[in-house]
Amino acid sequence: MSNIREVSRAAGVSIATVSRAISSPDKVSETALKKVYAAIEKVGYRPNMMARNFRAVRAYSIVVLVPNLSNLFFATVIRGIEDAAQQKGYAVLLGDTRDSHDREQEYTRLVETRQADGILQLRPHTPGKSLEPDSGMPMVSACGCENTPYPSVRIDNTGAAREIVDYLITQGHRRIGVLAGLPDNPHSNDRLQGYRQSLENAGVPFDPDLLVNGDFTMGSGQMAASHFARMKDRPTAVFSMNDEMAIGCIQGLKSAGIRVPEEMSITGFDDIEFARYSDPPLTTIAQPAEELGRASFNTLLELIEGKELQQTETVLPYEFVVRKSTPALRR
Ligand code: RIB
């Protein structure tokens, strides 16, 4: 473990200068600062400043960790973050983590080396696979799940899934497929719980054959369609855990000669812009994506400013949007 002495040696400045560069960079010349930051990087120093001094100096920028930049839902959350950040004079550094824990960790260096003041995490927290709340590092989840171990903003994923499956049941469906995300994705698990609760309330037994795991992309939705299309006893409706998979699934079902929604209803989740333009337009859950972004930035700013949070979890309302992909079942 390297220490401040090694940093001072590598930078060619005194220990006092290193210490000042960490706690009060505005009192140190730019040349010295550059030397110190370069030395911190070189010797791999992880100073206790994490806990000590986050508030003392500001970079006026934050890091946003995005698991998949091509997902339109995340793009809209980021728009909300940027709007709120800009209003407060903060810049947004985007970290496209591609769902990789290692990449996430790389980006935390920006905060440790004071190039950013905090982190907004868009991937729901997966124990052992996500960043853990670090000592003193301001971090907020913009897409929280149940039991996020640090401040978060989210919707009630379980309740929303239950509501959409309840609706399919009132439309006459009993055999309802579920197109989930990856099994270790907490949003996928929260939504699956809602699906199961709805079936249970209606006295419909859970059939594991009706569960297909995708990865929240259109391609995986299209692949799932071939599973549903091949089934002898096909579902009459499919609850997809996001719009992108639903759109891919519709495409796949059509290619397999199945008419949507006449032979199979389908629902999505998110209400991305394509949802209303898909054919048929998608019944879905509208997540308040921009508001998730804005609210999470405001929470992060409170942490950066050292304020005590009034609440560590904010649950925002969602909207259930009915479109043409879910007509009543014709017997
Ligand atoms: O990870 C992808 C999905 O999780 C998004 O489509 C959105 O539903 C988010 O909660």
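Q: How far is the sulfur of Cys 145 from the closest cysteine sulfur?
A: The distance is 9.9 Å, and the partner is Cys 143. That is too far for a bond, because a disulfide needs the two sulfur atoms within 2.5 Å. Keep in mind that this is a predicted model.

Q: New topic. What pLDDT does the protein chain average?
A: The average is 92. Of the residues, 94% score at least 70.

Q: Where does the pLDDT fall below 50?
A: Over residues 49-53. In the model, this stretch still has 13 contacts beyond near neighbours in sequence. Where pLDDT is low, though, predicted coordinates should not be read in detail.

Q: What about the overall build? How many helices and strands?
A: The protein chain has 12 helices and 12 strands. Its C-alpha trace spans about 80 × 35 × 35 Å along the principal axes.

Q: What share of the residues is buried?
A: Buried residues make up 55% of the 331 in the protein chain.

Q: And what share of the contacts links residues 24 or more positions apart?
A: That share is 74%, counting contacts in the protein chain with a separation of 6 or more.

Q: How do the lining residues divide by type?
A: Seven are nonpolar, 10 are polar and seven are charged.

Q: Last one. Where does Gln 171 lie?
A: Gln 171 is in the loop between α7 (157-170) and β6 (176-180).

Q: Why does Gln 171 count as buried?
A: Because its relative accessible area is 17%, and buried means under 20%.

Q: What is Gln 171 in contact with, beyond four places in sequence?
A: Thr 326, Pro 327, Ala 328 and Leu 329.

Q: And how far is Gln 171 from Asn 242, C-alpha to C-alpha?
A: They are separated by 20 Å, and they sit 71 residues apart along the chain.

Conventions. Residues numbered from 1 in each chain as written. Predicted model: local features only at pLDDT ≥ 70, side-chain atom pairs only at ≥ 80, totals over all residues. Heavy atoms only, no water. pLDDT = per-residue confidence, 0-100. Contact = heavy atoms within 4.5 Å. Nonpolar A, V, L, I, M, F, W, Y, C, P; charged D, E, K, R; others polar. Helix = DSSP H or I, 4+ residues; strand = E, 2+ residues; numbered from the N terminus. Buried < 20%, exposed > 50% of the residue type's maximum accessible area, 1.4 Å probe, protein only.
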